[in-house]
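Q: Could you take a close look at one part of this model for me? I'd like to hear about the ligand site and the helices that go with it.

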Amino acid sequence: MALNLLMLGPPGAGKGTQSERFARTRGIPKISTGDILREAVHEGTDVGRRAKAIMDRGELVSDEVMIGIVRERLERADARGGFVLDGFPRTVAQASALDRIMDGRDPLIVVDIVVPEEELVRRLGGRLICENCGANAPMAATATAPCLKCGGRLVQRADDDQAVVLERLKVYHRMSEPLVEYYKIRPTFRSIDGAQAPDRVAADLVAAIEAAGSGALRQGVKG
Ligand code: AMP
């Protein structure tokens with residue numbers, strides 16, 4: 001059975017870090033819509049040019065564009081054996097489109113990473129990424145350290161500016177938090193405490209996926 005994992009949670013919950021780590025250990029692709037958009041901005045493509053202003057304000061790129069990007073990405077051969085989806089869906093319309101995309105494939109396992117609001121604001125304010133390759137720097141990194149992946153300069157993400165952080169959290173509560181209601185009735189939904197140290201979160205994530213996987217088997221038997 002393919003492991004099709006979807007990570008939910010507010011900006012700053014650690015979805016990116018945990019998705020990356022989990023995907024690497026399982027040898028499946030991590031598909032981050034934020035990374036895909038940042039790459040498009042970097043490359044100056046049409047989508048990138050239109051997305052940049054929206055991202056800089058902390059708002060959401062249109063459902064139509066995002067659903068197209070994800071549909072195309074999930075059809076690629078490397079996603080057939082499983083994937084970790086990070087940053088999508090962010091609206092209920094995206095979630096129902098994803099259900100249609102997933103029709104006939106193994107069920108989605110959905111893990112929600114829960115972190116208190118004050119902690120999110122603190123984390124987002126201190127987050128650094130590489131100016132050159134876009135990689136996230138470890139939380140303890142300082143702006144004078146080089147990127148661990150490519151040696152590039154570390155800078156604050158444009159949308160981690162305080163006013164934008166508050167807007168992104170507002171957008172999360174309004175548009176994305178309803179996704180918890182959307183998914184939580186499924187036997188494959190679990191939530192984990194993301195306020196712990198990253199290693200503990202990673203261990204809880206594995207346990208949650210195993211528990212949700214038995215939910216997926218039950219769902220498979222029923223459906
Ligand atoms: P992230 O790296 O996931 O925090 O995404 C950075 C920004 O990209 C978001 O604040 C949005 O502007 C945009 N974005 C990423 N994923 C989506 C999505 N699924 N729907 C709409 N906008 C998105």
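In which sense, left-handed or right-handed, does α2 cross α3?

A: Bear in mind that this is a predicted model. The crossing you ask about is left-handed, with α2 passing α3 that way. The two helices, α2 and α3 (residues 46-57), have axes 8 Å apart and pack at an angle of about 115°. That angle makes α2 roughly perpendicular to α3, because anything from 65 to 115 degrees gets that label.

Now for the ligand, where α2 turns up again. The shell around the ligand takes its largest share from helix α2 (residues 33-43), which gives four residues. In total, 16 residues surround the ligand, and the closest are Thr33, Arg38, Glu59, Gly87 and Gln94.

Threonine 33 has a side-chain N or O atom 2.8 Å from a nitrogen atom of the ligand. For arginine 90, the distance from a side-chain N or O atom to a ligand nitrogen is 3.0 Å. Glutamine 94 likewise puts an N or O atom of its side chain 3.0 Å from a nitrogen atom of the ligand. On its own the ligand has 480 Å² of accessible area, and the protein covers 96% of that.

There's a backbone detail to check as well. The peptide bond that runs from phenylalanine 88 to proline 89 is cis, its omega being near 0°. In general, most peptide bonds are trans. Proline 89 itself sits in the loop between β3 (82-86) and α5 (92-101).

Helix α6 (residues 117-125) and helix α7 (residues 162-176) have axes that come within 10 Å and cross at roughly 140°. That makes α6 oblique to α7. The crossing of α6 and α7 is right-handed, whereas α2 passes α3 in a left-handed one.

Notes: Residues are numbered from 1 along each chain as its sequence is written. This is a predicted model: local features need pLDDT of at least 70, side-chain atom pairs count only at pLDDT 80 or more; totals for chains, interfaces and linings use all residues. Side-chain values use heavy atoms; hydrogens and water are left out. A residue is near a molecule or strand if one of its heavy atoms lies within 4 Å of it. A polar contact is a pair of N or O atoms within 3.5 Å; within protein, one must be able to donate a hydrogen and the other to accept it, and residues adjacent in sequence count only if both atoms are side-chain atoms. Accessible areas come from the Shrake-Rupley method with a 1.4 Å probe; for residues, only the protein chains shown count as cover. Axes are lines fitted to C-alpha atoms, for helices over the stretch in contact, and angles run from 0 to 180 degrees between N-to-C directions. Angles under 35 degrees count as roughly parallel, over 145 as roughly antiparallel, 65 to 115 as roughly perpendicular and the rest as oblique. A crossing is left-handed if the near helix is turned anticlockwise from the far one by less than a right angle, and right-handed if clockwise.
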